[in-house]
Amino acid sequence: MSKKKPYCECLNTVKPVRDTLEVINGKWKLSIIISVGVGNSRFTEIQESIPGLTPKVLSKELKELEQHQLIKRVITNDYPVKISYSLQPYADTLTPIIYAMKDWGLNHKKKIFQEVNPIKV
């Protein structure tokens with residue numbers, strides 16, 4: 001039985017990770033997914049829940065997330081027309097990734113803070 005070469009193993013990991021980052025990478029995408037996931041369904045609710053996010057960027061990011069089948073745009077034909085956003089069931093596959101990133105971020109911040117400001121007893 002032949003053993004796979006190390007660069008093949010590396011590529012088998014790097015390519016899917018790169019594909020994932022193409023979908024969720026950027027300053028706003030995960031924040032938008034989290035915002036919609038906690039119940040912000042209207043455009044202004046989403047924008048107000050994420051400081052610094054402009055309407056133009058939010059609109060662009062929502063369209064991209066919709067193309068990747070993570071967000072669903074619902075148009076209600078009342079007067080005035082009501083547009084709301086919700087997570088598609090497929091977005092649930094990101095939940096463990098988001099929590100893993102949250103845990104890593106909290107642990108990393110603690111580690112860096114402790115190294116910069118060590119507690120002296």
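The model is a predicted one, with local features needing pLDDT of at least 70 and side-chain atom pairs pLDDT 80 or more, while totals for chains, interfaces and linings use all residues. Residues are numbered from 1 along each chain as its sequence is written, and side-chain values use heavy atoms, with hydrogens and water left out.

K29 sits in helix α2 (helices are DSSP runs of H or I, at least four residues, and strands runs of E, at least two, numbered from the N terminus). With 5% relative accessibility, K29 counts as buried (under 20% relative accessible area with a 1.4 Å probe, protein chains only; exposed is over 50%, partly exposed in between). Setting aside neighbours within four places in sequence, K29 is in contact with V23, I24, E61, E64 and L65 (contact being heavy atoms within 4.5 Å). K29 and E64 are 35 residues apart along the chain, yet their C-alpha atoms are separated by 9.0 Å.

As for α4, its buried residues are L58, E61, L62 and L65. They cover an arc of only 105° around the axis, so they lie on the same side of α4 (the arc is that of the directions from the helix axis to the C-beta atoms). What covers them includes α2 (29-37), α3 (43-49), β1 (71-76) and β2 (82-87). The face turned away from this buried side carries the exposed K56, K63 and Q67. After α4 comes Q69, with a positive phi near 60°.
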